[in-house]
Amino acid sequence: MRRERQPARANALARLIHPLGAQYFLEHIWAKSSRVVRGKLRRMSEISDLPELRSVDELLTHVERAGDKVSVRAWFPDTQGRHESISLTAAAAKRLYRAGNATIVVDNVDRPPPEIRQMLDELQQATGTPGIASCNVYASPPGVRTVMHFDPQDSFFLQVLGKKRWRYAENTQ
């Protein structure tokens, strides 16, 4: 009995930027400008199906199990409207999130889940990015906003749950 050959899975970059072509993206967009690409989350199902990303509680339970490999921060505006960030425990992060007081940031969530590490390695190889790519997860309760800011590095954002209004602009500084 012959088994049908399964089509090869496209690499992470091709799946993230679809329907744009990788060559076009790398030549005209990457490290030059911003681009929003909308699409079905199922094209990144190995990430969106991770138990750690199903809810804030599951994410923070993952953090508790990962120990010091993963850090947690609360992100909120200070009295002048600038970003303020403090490190905290997963238990304290759960309380702040449930109270609707802050965005919770989990840094380096890619360390334990091999699916995230594989995606990052594929992205790093496709873009020719030196150094180490990492994955942070941001969880904002309804009504909590992030102060407008510019990231110093090139980034991909994959929204896994909920709704969010994204505003972006060219960094002219």
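1. Which side chains meet in a salt bridge with an N to O distance of 3.1 Å? They are those of Asp121 and Arg117, two residues that both lie in helix 6 (residues 114–127), 4 residues apart, or about one turn of the helix. Asp121 is partly exposed, with a relative accessible area of 39%, and Arg117 is partly exposed as well, at 22%. Salt bridges that share partners also join Arg15, Glu46 and Glu122 into one network.

2. The chain averages a pLDDT of 85, and 94% of the residues score at least 70. Among the elements of the chain, the mean pLDDT is lowest in helix 3 (residues 45–48), at 88, and highest in helix 2 (residues 22–28), at 94. Where pLDDT is low, the predicted coordinates should not be read in detail.

3. The strands form an open sheet of 4 with the order 2-1-3-4 and antiparallel pairing. Strand 2 and strand 4 stand at the edges, each with a single partner strand, so one side of each has no neighbour in the sheet. From one strand to the next, the twist averages 25 degrees.

4. The pairings can be followed across the sheet. Strand 1 (71–77) and strand 2 (residues 83–87) are joined by 5 antiparallel bridges, and they form a hairpin with 5 residues between them, where Gly81 in the turn has a positive phi of about 85 degrees. Strand 1 also pairs with strand 3 in the antiparallel sense over 5 bridges, while strand 3 and strand 4 pair over 3 bridges, again antiparallel. Trp75 has Ser85 as its bridge partner in strand 2 and stands opposite Thr103 in strand 3; Val106, for its part, stands opposite Val137 in strand 4.

5. Is strand 3 covered on one face or on both faces? Both faces are covered, with Thr103, Val105 and Asp107 buried on one side and Ile104 and Val106 buried on the other.

6. Helix 4 (residues 56–66) has as its buried residues Val56, Leu59, Leu60, His62, Val63 and Ala66. These residues cover an arc of only 150 degrees around the axis, which puts them on the same side of helix 4. They pack against strand 1, helix 5 (90–99), strand 3 (103–107) and strand 4 (137–139), and just after the helix Gly67 takes a positive phi of about 70 degrees. Helix 4 lies across strand 1, strand 3 and strand 4, running at about 40 degrees to strand 3. Helix 5 packs on the sheet too, touching strand 1, strand 3 and strand 4, and its direction makes about 150 degrees with that of strand 3.

7. The count of salt bridges comes to 7, and two further pairs deserve a look. Arg15 forms a salt bridge with Glu46, the closest N and O atoms being 2.7 Å apart; this pair links distant parts of the chain, with Arg15 in helix 1 (residues 12–17) and Glu46 in helix 3, 31 residues apart, and both residues are buried. The side chains of Asp107 and Arg73 also meet in a salt bridge (2.7 Å, N to O). Asp107 lies in strand 3 and Arg73 in strand 1, so the pair ties together parts that are 34 residues apart in sequence. At 12% relative accessibility, Asp107 counts as buried.

Key. Residues numbered from 1 in each chain as written. Predicted model: local features only at pLDDT ≥ 70, side-chain atom pairs only at ≥ 80, totals over all residues. Heavy atoms only, no water. Buried < 20%, exposed > 50% of the residue type's maximum accessible area, 1.4 Å probe, protein only. Arc of directions from axis to C-beta. Contact = heavy atoms within 4.5 Å. pLDDT = per-residue confidence, 0-100. Pairing = 2+ DSSP bridges. Axes fitted to C-alpha atoms, helices over the stretch in contact; angles between N-to-C directions. Salt bridge = Lys/Arg side-chain N within 4 Å of Asp/Glu carboxyl O.
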